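Open the model in a viewer and keep the sequence panel beside it. The stops below are given in the order in which to select them.

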Amino acid sequence: MLHTGLTLPVARLLRRSAVGCWLLLALSAPSPAGDTNPSAFAETEVKAAFVYNFAHFVRWPDAHVPRGSEPFRYCIFDDTLASLLAKAVAGETLDGRPFVVLRQPESRSLQECHLIYFGEQSVIGPGLQADLLRRLAASAILTVSDHPGFSSRGGMITLVRKRGRIHPVINTDAIERTELRISAKLLNLATLTRDGKGSAP
């Protein structure tokens, strides 16, 4: 639930089972009536939970799956969300592989990422972001943001506010340019859009 009084710390939220956590987010109640500006920190916690869970609902091609003890790399351009996510995934694994959160990574290292998130505190503006997305268009890297216009720049998943909830919008054209495969559970939960669609997020 998005409100100013947090009752479920993000670490506890993220460490639930992937499916249980996802359903909790999907079914969370809207903000209380009149609460049009919920706590930014509370909203960032929910976004962090979505970002964490995408690792469980997306399949990467074999060539991009971490091998042996190599970590699954979240590359986060948002200091607040990166801090929340790093604390939550400490000691956690995906198929036996550890999670690593890289905060504001250098552009030359982005090809090593499995998921890139551009948040409110990103040091990368829309112009450079669009350039990076063009360069990464065919890469097996999931790109996520809460920025308006992200889909139109070639981004894959945009987190938007919809009736008091954080809601994922998936650009299926951007996904289809890669070898990434999205779970039907996530596709059914999300709103689907395509390149160039009139008011795409």
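Start with the largest cavity. Select Leu133, Leu136, Ala137, Thr143, Gly154, Met156, Ala174 and Arg177, which line this cavity. The model is predicted. By class, the lining residues of the largest cavity are five nonpolar, two polar and one charged. The protein has two cavities of 30 Å³ or more.

Now zoom out to the whole protein. A cartoon view has seven helices and ten strands to display. Of the 201 residues in the protein, 50% are buried. Switch to a surface view: the accessible surface comes to about 9500 Å², and carbon and sulfur atoms hold 52% of it. How much of the contact set, taken at a separation of 6 or more, comes from residues 24 or more positions apart? The share is 68%.

Next, select cysteine 75 and cysteine 113 and show their side chains. The two form a disulfide, with 1.9 Å between the sulfur atoms. Cysteine 75 sits in strand β2 (residues 72-77), while cysteine 113 is in the loop between β4 (97-103) and β5 (115-118); the pair is 38 residues apart and links distant parts of the chain. Is this pair left-handed or right-handed about its S-S bond? The torsion there is about -90 degrees, so the disulfide of cysteine 75 and cysteine 113 is left-handed. Both cysteine 75 and cysteine 113 are buried. The disulfide count for the model is one.

Move to isoleucine 182, in strand β9 (residues 181-182). Its relative accessible area is 15%, and the cut-off for buried is under 20%, so isoleucine 182 counts as buried. Which residues does isoleucine 182 touch, leaving aside those up to four places away in sequence? Select Phe57, Val58, Leu142, Ile170, Ile175 and Leu187 to display these contacts of isoleucine 182. For a distance label, take the C-alpha atoms of isoleucine 182 and isoleucine 170: they are 9.7 Å apart in space, and the two residues are twelve apart in sequence.

Strand β8 (residues 165-171) is the next selection, with arginine 165 in it. Arginine 165 is partly exposed, at a relative accessible area of 26%.

Is arginine 163 buried or exposed? Arginine 163 is exposed, with a relative accessible area of 63%. Check its backbone as well: phi of arginine 163 is near 50 degrees, a positive value in a residue other than glycine.

The last stop is aspartate 95, located in the loop between β3 (93-94) and β4. Here too phi is positive in a residue other than glycine, near 55 degrees for aspartate 95. At 68% relative accessibility, aspartate 95 is over the 50% cut-off and therefore counts as exposed.

Key:
Residues are numbered from 1 along each chain as its sequence is written. This is a predicted model: local features need pLDDT of at least 70, side-chain atom pairs count only at pLDDT 80 or more; totals for chains, interfaces and linings use all residues. Side-chain values use heavy atoms; hydrogens and water are left out. A disulfide is a pair of cysteine sulfur atoms within 2.5 Å. Helices (H or I, at least four residues) and strands (E, at least two) are DSSP runs, numbered from the N terminus. Buried means under 20% relative accessible area, exposed over 50%, partly exposed in between (1.4 Å probe, protein chains only). On a 1 Å grid over the protein atoms alone, a cavity is a set of points where a 1.4 Å probe fits but cannot get out, and a pocket is an open set with protein on both sides within 12 Å along at least five of seven lines; lining residues have an atom within 4 Å of a point. Grid points are joined across faces, edges and corners, and a volume is the space filled by probe spheres set on the points. Ala, Val, Leu, Ile, Met, Phe, Trp, Tyr, Cys and Pro count as nonpolar, Asp, Glu, Lys and Arg as charged, and the others, Gly among them, as polar. Contact means heavy atoms within 4.5 Å. Accessible areas come from the Shrake-Rupley method with a 1.4 Å probe; for residues, only the protein chains shown count as cover.
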